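Please look over the sequence and the structure shown here before reading on. The notes that come after are meant to be read beside them, one topic at a time.

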Number of protein chains: 2
Amino acid sequence: MTGPRHSIVLAERPSGTPTPACFRLETQPLPTPASGEVLARVIWLSLDPYMRGRMDDAKSYASPVALDAVMEGGAVAEVMTSADDRFAPGDIVTGQFGWTTHGVLPANALRRLDPALAPIQTALGVLGMPGLTAWVGLNDILRMQSGETLVVSAATGAVGSLAGQLARARGLNVIGVAGGADKCAYATDKLGYDACLDHRDSDAAALGARLRDAAPNGIDGYFENVGGKTLSAVLPNMNVNARIALCGMIAWYSGRNLDQALPLPQVWRRILTHRLRVEGFIIFDHFQRFPAFLADVGPMVRDGQISYRETVAEGLENAPAAFLKLLDGGNFGKQLVRIGPDPAP
Amino acid sequence: MTGPRHSIVLAERPSGTPTPACFRLETQPLPTPASGEVLARVIWLSLDPYMRGRMDDAKSYASPVALDAVMEGGAVAEVMTSADDRFAPGDIVTGQFGWTTHGVLPANALRRLDPALAPIQTALGVLGMPGLTAWVGLNDILRMQSGETLVVSAATGAVGSLAGQLARARGLNVIGVAGGADKCAYATDKLGYDACLDHRDSDAAALGARLRDAAPNGIDGYFENVGGKTLSAVLPNMNVNARIALCGMIAWYSGRNLDQALPLPQVWRRILTHRLRVEGFIIFDHFQRFPAFLADVGPMVRDGQISYRETVAEGLENAPAAFLKLLDGGNFGKQLVRIGPDPAP
């Protein structure tokens, strides 16, 4: 528990698709918390598509990770030493510790978890940032109405799987798009999607035709996580006054699949003639909604009404490979890295 | 006053840019109003970019004009014969009479004008559909806030010129984009724009650099009438939480200038990272806002606080040429066609 600190740092910026050479494992002595700070050992690290953007040296909604700095990321950790009254050793907390085994953060950047409520790693998934993203997208951006049809891309991912289930719970028609027959079977059998289409089977035109069959009344809301050919298939099926919540575009990260994009004039024409609303959102702008989200979704998770699935990589040293696989859709549900053992009961 | 009726019909659908061969002048006997209808002679015909869309046989927000049917269009007319209690001969009305010298419409599809309030043709411009479009775009779609910067394309057009003036009247920073030095001079000298850029001078990159100079704090709202290179110049200068009111895309009508479009992934990335809202709107959805619009803007027009400019073509037979010129930006302000003489005073 007092051993050295291991971290993954950004060794070089990717040109296009990231490679293992972008990351480097480093070892340092344990940091010491100053007044108001907390030292904790990480138990679970979250891997998320947004991290790809942080690896570039481009202006985005957040600063890039500096070269040779620890990769950013959310984590669940156990407090080892606290220099703040609000936390004590043994407390389980969540915060942005990064890709590391140990970290120091200000106490006011941490949130305490109740291990009795749900498994602690759900604070990185269904009850954390991805869950809040799904809930805000559905409620505040898409503002879905009873009887409407929603399409969710990356339908079984950490965000999509909750968006789909919440939408089904309020009686919407919900169609998923995912990569692989196993994910699609999971979407309909476990998550309750009315239908799920495997985009790996089809080009954009064929996928669009299958969407038309699955949504004979057209599409009113699109939870956009991917861009690429899924967007090309969805757009021509959107109804008057439909909305797109633009949450991610993983198919286009690293400059891939750019040939799958519709021409902008065609997209602009659809937005105009069908009075569409396309709205980008970043969950960091919406943390004030966390209490309302937790009050709504927390009990559903506790009571087993919400399914969630995790892909777990073992050990910090395997985080880079797990992240590269995530960017390629190789995970299934929430991608986690097990960094350290569970706390003693 | 009782002579035959002349009309312009759609002779053939355009392939790309419309030509004079798309139109044909026809002569028929005067129609007779049935009970509840009104026969009127047209004084002013409005020409608007949206009419280009009606010439195609494609699903759009309204049905296409049928082949050999009279071209659609708003008009100001004088009642000749009324079979409805609400109107009497000599009344000045506005309604969708089309490209014609005389027409019959149901009384409930007409609005009576007060010639003492403003010149009657303003019912087709600053106090009509284009004016309502500007007002709704600014208030209901863009929801501009004090201190923000607005860019208006087609800045001196029927819609843009009112959008710019209303925005200036409430103290926004307003930058116009227009085609030609004369239009830009009019925009700053008469309409009160803080700056106006002539897009004919520049490619998208140069126009973008000039926009950056003109809007050093970035762009918060974009009143989009054109698409094309103006959009390519505006988008990279948009601030976090900026909005685009998508009202038209005249640069891309008839399949022109498609090479001036940004790649969709680049647009999608900007919408995501800057949390933009892009919203299409069609004024026909917003007629319930007409009374509020007229109460707000009517007095400003009556008191001379609003400038408006007209380009007038003389005679129905010149409507097609005037329309083709409008699509190419050859008009200046509201494009009208004088169909018949003013009413006797």
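Predicted model: local features only at pLDDT ≥ 70, side-chain atom pairs only at ≥ 80, totals over all residues.

The same surface serves both copies, since 100% of the contact residues of chain B recur in chain A.

**Where the chains meet**

- In the contact between the chains, 28 residues of chain B are paired with 28 residues of chain A.
- On the side of chain B that touches chain A, the elements giving two or more residues are α7 (264–273) and β13 (277–280) of chain B, and the largest share, eight residues, comes from α7(B).
- Sorted by class, this side of chain B has 18 nonpolar, five polar and five charged residues.

**A residue that touches both chains**

- A:R275 lies in the loop between α7 (264–273) and β13 (277–280) of chain A.
- Among the residues that A:R275 touches, A:V240 and A:N241 belong to chain A, while B:G280, B:F281, B:I282 and B:D285 belong to chain B.
- Although A:R275 and A:V240 are 35 residues apart along the chain, their C-alpha atoms are separated by 5.9 Å.
- A:R275 counts as partly exposed because it has 19 C-beta neighbours inside 10 Å, whereas a buried residue would need 20 or more.

**The nonpolar core**

- In soluble globular proteins, nonpolar side chains tend to be buried together.
- The largest nonpolar core in this model has 220 residues, and those with the most contacts inside it are A:L45, A:A319, B:L45 and B:A319.
- Leaving aside residues up to four places away in sequence, B:L45 touches B:G73, B:A75, B:W99, B:A319, B:L336, B:V337 and B:I339.

**A pair of packed helices**

- Two packed helices are described by the angle between their axes and the distance between the axes.
- In chain A, helix α2 (residues 129–142) and helix α8 (residues 290–302) pack at an angle of about 95°, with their axes 10 Å apart.
- The helices α2(A) and α8(A) are therefore roughly perpendicular to each other, a description that covers angles of 65 to 115 degrees.
- From α2(A), the residues A:G131, A:L132 and A:W135 meet A:F290, A:F293, A:D296 and A:V297 of α8(A), and by class this contact has five nonpolar, one polar and one charged residues.
- In chain B, helix α2 (residues 129–142) and helix α8 (residues 290–302) likewise pack at about 95° with axes 10 Å apart, and B:G131, B:L132 and B:W135 in α2(B) meet B:F290, B:F293, B:D296 and B:V297 in α8(B).

**Two residues with positive phi**

- A:A154, which is not a glycine, has a positive phi near 50°, and its place is in the loop between β8 (149–153) and α3 (158–169) of chain A.
- A:A154 is buried, because 27 other C-beta atoms lie within 10 Å.
- B:R143, also a residue other than glycine, has a positive phi of about 45°, and B:R143 is found in the loop between α2 and β8 (149–153) of chain B.
- B:R143 is exposed, because 12 other C-beta atoms lie within 10 Å.

How values were computed. Residues numbered from 1 in each chain as written. Chains lettered and ligands numbered in written order. Contact = placed C-beta atoms within 7 Å. Core = buried A, V, L, I, M, F, W, Y, C linked by C-beta atoms within 7 Å. Axes fitted to C-alpha atoms, helices over the stretch in contact; angles between N-to-C directions. Helix = DSSP H or I, 4+ residues; strand = E, 2+ residues; numbered from the N terminus. Nonpolar A, V, L, I, M, F, W, Y, C, P; charged D, E, K, R; others polar. Parallel < 35°, antiparallel > 145°, perpendicular 65-115°, else oblique.
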